[in-house]
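Please open the model in your viewer and keep the sequence panel beside it. The stops below can be taken in order, one selection at a time.

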Amino acid sequence: MNRAEKEAYLREYEVLKKKGKPFFPYAVAKDSAMALIVVLVIVLMSLILGTEQGPKADPTTTTFVPRPDWYFFFLFELLRIIKPYQLVPIATIGVPTICMVLLISLPFFDRGPERRPERRPVASSAGCLTIIAMAFLTYVGASAGPPTEIDLATKPELEAGKNVVLSSGCLGCHVIGDNGNHGPGPELTEIGVRRSAAAIERSLRVGPDLMPSYSNLDADQFDDLVAYVSSLRGEDEEATNGE
Ligand code: HEC
């Protein structure tokens, strides 16, 4: 923006400022009235509709699978697509911090008086791209690989064991394929390559370290579980049915 434009802008600003009303009390009064209405509506809704309370918190559960609320799905997805462990702090702390710093410093590096979106192509496209990227990550995070499913293909005779895994909360502590949580337990995608069925059976009976023992399952379920876990050999062609 050149000098002449800047002066024209400042003149126009002066004129508008003279015509306008002061922020206090006019705008403050309007804002307060709206804030009051919002609070009243919330109070009324909680009196009339009440809140829906989930099941009672159970600190001893081993089947709880932590999932973020929907508005954090974009961060959750960002974490899921970042595979190397060393990059995780960059994704969780670095990227959001850089974005916040950029946003806070925006008024210092973007001093243009222009307000119309179509005359601010850089700011408009950056804003739109951010919204599109977050919407996309939210969608993918919400729809892909829930920890209550295992996307690796399974031979029909092993389905029973897979269901035991799903209902026993293993994915709360282990990753299998794209599903589950990285830790505290090791990834199980290829556990069948690294450990014998006997060693896996022992782990499941003993429940090493933080892991609970699963010897309280019925014998059939326990055998199905061992059979399934020891069949895990990663995503080779044979196991994925050409996915
Ligand atoms: C509370 C978290 C937790 C749950 C739930 C859990 N595990 Fe674990 N699991 C662990 C941890 C931690 C280890 C590592 C223990 C160690 O290294 O001493 C482990 C180890 C294992 C191992 C041995 C891995 C190896 O490399 O030898 C197997 C197999 C295993 N878990 C399978 C399962 C299965 C199957 C389930 C569900 C039936 C399950 N785990 C549920 C935390 C858990």
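This is a predicted model: local features need pLDDT of at least 70, side-chain atom pairs count only at pLDDT 80 or more; totals for chains, interfaces and linings use all residues.

Residues are numbered from 1 along each chain as its sequence is written, and side-chain values use heavy atoms, with hydrogens and water left out.

**Domains**

Begin by colouring domain 1 (3-48), domain 2 (70-143) and domain 3 (156-240), the three parts into which the chain is divided; the bounds come from an automatic or database domain assignment. The centres of domain 1 and domain 3, taken over C-alpha atoms, are separated by 59 Å.

**Aromatic rings**

Next, select Y9 and Y13, which both lie in helix 1 (residues 3-19), four residues apart, or about one turn of the helix. Helices (H or I, at least four residues) and strands (E, at least two) are DSSP runs, numbered from the N terminus. The structure holds four aromatic pairs; rings of Phe, Tyr and Trp (its six-membered ring) pair if their centres lie within 6.5 Å, and planes under 30 degrees apart count as stacked, over 60 as edge-to-face and the rest as tilted. Because the ring centres of Y9 and Y13 are 6.3 Å apart and their planes stand at 20 degrees, this pair is stacked.

Show the surface as well: Y9 is partly exposed at a relative accessible area of 33%, and Y13 is also partly exposed, at 42%. Here buried means under 20% relative accessible area, exposed over 50% and partly exposed in between, with a 1.4 Å probe and protein chains only. Then move to W70, Y71 and F72, which ring pairs link into a cluster.

**Iron site**

Which protein atoms hold the iron atom of the ligand as donors? Select H174 and M211, whose NE2 and SD atoms, respectively, lie 2.0 to 2.1 Å from the iron. Donors are N, O and S atoms within 2.8 Å of the metal (3.2 Å for Na, K and Ca), and since water is not among the atoms, sites may look incomplete. The site has six donor atoms with angles of 87 to 178 degrees among them and is octahedral, a label given to six donors if opposite ones are over 155 degrees apart and all others between 65 and 115.

H174 is buried, with a relative accessible area of 10%.

Stay in the loop between helix 8 and helix 9 and pick D209, which has a positive phi of about 55 degrees although it is not a glycine. D209 is exposed, at 80% relative accessibility. Most residues other than glycine have a negative phi, and most peptide bonds are trans.

**Nonpolar core**

Now display V165, I176, L225 and Y228, the residues that touch the most other members of the largest nonpolar core, which has 20 residues. Such a core is a set of buried Ala, Val, Leu, Ile, Met, Phe, Trp, Tyr and Cys residues joined through side-chain atoms within 4.5 Å. Helix 6 (159-167), helix 8 (197-206) and helix 9 (219-230) each supply at least two residues of this core, and helix 9 gives the largest share, five residues.

Centre on I176 and list its contacts (heavy atoms within 4.5 Å): leaving out residues up to four places away in sequence, I176 touches partners including I150, L152, L188 and L232.

**Single residues**

E149 is in the loop between helix 5 (121-143) and helix 6 and is partly exposed, with a relative accessible area of 40%. E149 touches L166, L171 and N179, not counting residues up to four places away in sequence; the C-alpha atoms of E149 and L166 are separated by 6.7 Å, although the two are 17 residues apart along the chain.

Finish at P25, whose place is in helix 2, and look at the peptide bond from F24 to P25, which is cis, with omega near 5 degrees.

Technical notes:
Four donors count as tetrahedral if all angles lie between 85 and 135 degrees; four count as square planar and six as octahedral if opposite donors are over 155 degrees apart and all others between 65 and 115; anything else is irregular.
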